[in-house]
Amino acid sequence: MTDDIVASVVRQWQTVNPELDTGPMEIIGRINRCAALLQQAEDAPLRSAGLTRAEFDLLGAVRRTDRELTPGELARETFSSGAAVTKRLRALQDRGLVGRRGDDRDRRVAHVRLTDEGRALVDRLLPEQLAYESSVLAGLDDGGRGELASRLSELLVQLEGRLGGARR
């Protein structure tokens, strides 16, 4: 097995400061590096459809909940700021992928729904996106994927509990 960039960084730190516990870096550093590489590669099917991951996440949230959502609910579902959701919704509405309607009781509240075009796009792209993500993970066998998913889930639950990112 060849060394990854994090192993090289850890060795460098251990050389200049052998007393340093670099164990956390071996996990957090690798998670951060994987996330950065995945972001750089972007998401080929989404990119070909002219969508960012964040825009697709908004569309996906409305599709998977199968109901209208307010911008505040979308912000919580996608871990985004209200301002970011508003900007993305405007772009998606301009493309005809989402529609908004005002609340009957509170004019300040909007309800977001997928248009027929938006629903068809999500339903077409999701299988393509999942196939792309499978190809990204192709180097891991099923057992390795399951173990990694389980361990990352443990870490996520712990972080959500301690750092306040938990949903529901």
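A nonpolar core is a set of buried Ala, Val, Leu, Ile, Met, Phe, Trp, Tyr and Cys residues joined through side-chain atoms within 4.5 Å. The legends below describe a predicted model, and they begin with the whole chain before turning to close-up views.

**View 1. The protein chain as a whole, with 8 helices and 2 strands.**
Read along the sequence, the elements follow the pattern α-α-α-α-α-α-β-β-α-α. The radius of gyration of the protein chain is 20 Å, well over the 15 Å that the globule rule gives for 168 residues, so the chain is more spread out than a compact globule. Taken along the principal axes, the C-alpha atoms fill a box of roughly 65 × 35 × 25 Å. Of the 168 residues, 24% count as buried, and among the contacts with a separation of 6 or more, 49% are between residues 24 or more positions apart.

**View 2. The largest nonpolar core, a set of 21 residues.**
In soluble globular proteins, nonpolar side chains tend to be buried together. In this model, the residues with the most contacts inside the largest core are Leu51, Leu59, Leu74, Leu89, Leu92, Val98 and Leu125. At least two residues of this core come from each of α4 (53-65), α5 (71-78), α6 (82-94), β2 (110-114) and α7 (116-136), and helix α4 gives the most, with 5 residues.

**View 3. Val98 and the residues that it touches.**
Val98 is one of the residues with the most contacts inside the largest nonpolar core. When residues up to four places away in sequence are not counted, Val98 touches Leu59, Leu89, Leu92, Gln93, Val112, Arg113, Leu114 and Thr115.

**View 4. Glu55, a buried residue with no salt bridge.**
Glu55 has its place in helix α4. The side chain of Glu55 does, however, reach the backbone nitrogen of Thr52 at 3.0 Å. Leaving aside neighbours within four places in sequence, Glu55 is in contact with Gly50, Arg88, Ala91 and Leu92.

**View 5. The salt bridge between Asp4 and Arg30.**
Side chains of opposite charge can pair when their charged atoms come close. In the pair shown here, the closest N and O atoms of Asp4 and Arg30 are 2.6 Å apart. The pair links distant parts of the chain, with Asp4 in the segment before α1 (5-16) and Arg30 in helix α2 (residues 23-41), 26 residues apart. Asp4 is partly exposed, with a relative accessible area of 33%, and Arg30 also counts as partly exposed, at 28% relative accessibility. By the rule used for such pairs, the count comes to 14 salt bridges.

**View 6. Asp66, Arg119 and a network of salt bridges.**
The side chains of Arg119 and Asp66 meet in a salt bridge, at 3.5 Å from N to O. This pair, too, links distant parts of the chain, since Arg119 lies in helix α7 and Asp66 in the loop between α4 and α5, 53 residues apart. Arg119 is partly exposed, with a relative accessible area of 34%, whereas Asp66 counts as exposed, at 53% relative accessibility. Arg63, Asp66, Arg119 and Asp123 are linked in a network of salt bridges. The backbone of Asp66 also deserves attention, for this residue has a positive phi of about 60° although it is not a glycine.

**View 7. The salt bridge between Arg67 and Glu73.**
The side chains of Arg67 and Glu73 meet at 3.7 Å, N to O. Arg67 counts as partly exposed, at 45% relative accessibility, and Glu73 is likewise partly exposed, with a relative accessible area of 24%.

**View 8. Phe79, a residue other than glycine with a positive phi.**
Phe79 is found in the loop between α5 and α6, and its phi is near 55°. At 55% relative accessibility, Phe79 counts as exposed, because the cut-off for that word is over 50%.

How values were computed
Residues numbered from 1 in each chain as written. Predicted model: local features only at pLDDT ≥ 70, side-chain atom pairs only at ≥ 80, totals over all residues. Heavy atoms only, no water. Buried < 20%, exposed > 50% of the residue type's maximum accessible area, 1.4 Å probe, protein only. Helix = DSSP H or I, 4+ residues; strand = E, 2+ residues; numbered from the N terminus. Contact = heavy atoms within 4.5 Å. Lys, Arg positive; Asp, Glu negative; His and termini not counted. Salt bridge = Lys/Arg side-chain N within 4 Å of Asp/Glu carboxyl O. Polar contact = N/O pair within 3.5 Å; in protein donor to acceptor, adjacent residues only side chain to side chain. Rg over C-alpha atoms; globule rule 2.2 N^0.38 Å.
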